[in-house]
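Please look at the sequence and the structure first.

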Amino acid sequence: MKNVGVDGSTTLKVYESRGGYVAARKALAMDTNAVVEEVKKANLRGRGGAGFPAGVKWGFLPKDRTTTLLCVNADESEPPTFCNRVLMEHDPHQLIEGTIIAAYATRSQVAYIYMRGEFHEQFHVLQKAIDEAYEAGYLGKKVLGTDYALECYIHRGAGAYVCGEETGLIESLEGKRGQPRIKPPFPAIEGLFRRPTVVNNVETLSCLPHIMERGADWFTGIGPPHSAGPKLFCVSGPVNKPGCYEAAMDITVRELIERDDMGGGMLSGRKVKAVFPGGLSMGVLTVDELDMKMDFEDPRNYSLLGLGTAAAVVVDDATDIRLVLRNVARFYGTESCGQCTQCREGTSWMQRIAQRIESGAGRMEDLDLLLETARNMGMMPGLSICGLSDGATYPIETIVKKFRPELEAAIRSQPAGQVEAVLQAAN
Ligand SMILES: Cc1cc2nc3c(=O)[nH]c(=O)nc-3n(C[C@H](O)[C@H](O)[C@H](O)COP(=O)(O)O)c2cc1C
Ligand code: SF4
């Protein structure tokens with residue numbers, strides 16, 4: 001984020017004056033395989049949610065391909081997540097330079113930036129930067145005066161969460177409904193327009209200029225070996241300074257909330273009750289689990305799905321956990337694309353059960369019903385086409401397991417006859 005907050009940071013002139021496009025020039029003077037090897041050596045893990053190493057993913061492309069397409073995932077649809085937005089809004093040329101390096105390394109002819117529909121401002125900023133890059137010869141028929149040609153387009157989505165999933169994104173880009181594809185084949189073999197395709201996140205690509213300029217050893221020198229390089233973290237909720245902060249991945253959730261140069265602590269009179277540290281889909285932590293490291297490995301020690309988007313939303317002690325449960329369940333109930341029966345039905349069952357509990361008509365058995373529904377969903381047990389349903393179950397499961405005493409107490413204290421009244425009204 002070195003250019004964030006600098007006057008004129010979105011312009012080519014300022015970007016170049018601060019060392020911009022030197023890395024792309026360096027990369028284009030190298031053999032494409034050497035660029036891939038450098039990125040592998042840096043162990044650049046994808047920042048879009050899954051943490052898959054970028055260089056390894058590029059290595060899955062068929063050796064004898066004639067066409068390759070690059071999709072830049074700028075959908076950023078995970079709740080409380082806005083790292084990509086900051087990068088596009090304040091430093092669009094860094095993303096363009098990263099895109100050029102990735103496209104060159106993967107021998108891509110076209111880069112499509114798939115952007116969330118709600119990003120109006122960011123769209124105009126990025127389009128202006130793309131126009132400048134074309135004019136300066138960084139994009140187009142002869143990139144940096146070489147024989148390498150790269151076209152770059154922004155495609156705006158309509159705002160569906162599932163279009164952030166890479167094959168949902170590809171379908172949407174092809175002009176179809178954003179419904180994820182069954183894999184295999186994976187996009188590297190058969191992706192956009194059935195061509196070998198690479199999908200990478202905005203933040204992942206924004207790391208590339210720095211890796212090329214300073215080298216893989218510099219990158220691996222930051223943070224733990226399995227989670228190398230700088231990372232952006234979002235903090236939102238009742239903290240003094242909600243925002244997007246850059247740090248190495250050995251930072252803890254507690255530091256992110258409390259450090260003066262980050263969240264700045266809780267608002268006066270508020271205390272932490274729960275934190276969703278990786279966007280909603282990774283699950284929840286209790287106040288006793290704030291020493292979790294925000295890296296790619298530690299979240300699993302806390303029954304979470306992973307680091308996700310590293311966007312922490314803090315819930316304070318005045319919040320009824322039933323409201324949180326209902327809010328989370330409503331999101332996934334609305335966003336399931338409906339192709340897989342267990343995801344379509346399961347997310348809406350969970351939504352209705354959570355709604356019942358929140359309305360004060362919960363039954364004790366509803367808690368186990370939520371857990372059983374969650375156990376019967378997901379790509380990991382092999383039941384669904386995409387990971388949305390895993391992401392739907394982790395927050396529900398961890399809320400029910402980690403906050404069960406509070407949920408049980410709330411159900412026990414409901415007015416007599418409430419359950420019967422609500423069930424009767426529903427019938
Ligand atoms: C339901 C769902 C939504 C997703 N949304 C996004 C998103 O908004 N942005 C993103 O980069 N990745 C998202 N992903 C992950 C992508 O499928 C893919 O792993 C990622 O774009 C790859 O880029 P990376 O390797 O650079 O992280 C989502 C995945 C799922 C299952
Ligand atoms: S898991 Fe859910 S969101 Fe993903 S393809 Fe199946 S129904 Fe659609």
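The model is a predicted one.

**Domains**

The protein is divided into three parts: domain 1 (12–220), domain 2 (225–316) and domain 3 (321–426). The centres of domain 1 and domain 2, taken over C-alpha atoms, are separated by 26 Å. In the contact of these two, 18 residues come from domain 1 and 19 residues from domain 2. On the side of domain 1 that touches domain 2, at least two residues each are supplied by helix 5 (83–90), helix 9 (202–214) and helix 10 (216–220). That side of domain 1 is made up of nine nonpolar, five polar and four charged residues.

**Ligand 1**

Ligand 1 is surrounded by 25 residues, and the closest are Gly46, Gly48, Gly164, Thr204 and Gly387. Strand 4 (197–201) and helix 15 (388–402) each give at least two residues to this shell. Strand 4 contributes the most, with three residues.

**Ligand 2**

Around ligand 2 there are 14 residues, of which Cys337, Cys340, Cys343, Ser384 and Cys386 come nearest. Two or more residues of this shell are given by helix 13 (341–361) and by helix 15.

The table sets out the residue classes of the two shells.

| Shell | Nonpolar | Polar | Charged |
|---|---|---|---|
| Ligand 2 | eight residues | five residues | one residue |

**A pair of helices**

Two packed helices are described by the angle between their axes and the distance between the axes. Helix 3 (residues 32–42) packs with helix 6 (residues 92–105) at an angle of about 120°, and their axes are 8 Å apart. Which residues of helix 3 and helix 6 meet? From helix 3 these are Thr32, Val35, Val36 and Val39, and from helix 6 they are Ile101, Tyr104 and Ala105. By class, the contact of helix 3 with helix 6 holds six nonpolar residues, one polar residue and no charged residues.

Technical notes
Residues are numbered from 1 along each chain as its sequence is written. Chains are lettered from A and ligands numbered from 1 in the order in which they are written. This is a predicted model: local features need pLDDT of at least 70, side-chain atom pairs count only at pLDDT 80 or more; totals for chains, interfaces and linings use all residues. A residue is near a molecule or strand if its C-beta atom, placed from the backbone, lies within 6 Å of it. Helices (H or I, at least four residues) and strands (E, at least two) are DSSP runs, numbered from the N terminus. Domain bounds come from an automatic or database domain assignment. Two residues are in contact if their C-beta atoms, placed from the backbone, lie within 7 Å. Ala, Val, Leu, Ile, Met, Phe, Trp, Tyr, Cys and Pro count as nonpolar, Asp, Glu, Lys and Arg as charged, and the others, Gly among them, as polar. Axes are lines fitted to C-alpha atoms, for helices over the stretch in contact, and angles run from 0 to 180 degrees between N-to-C directions.
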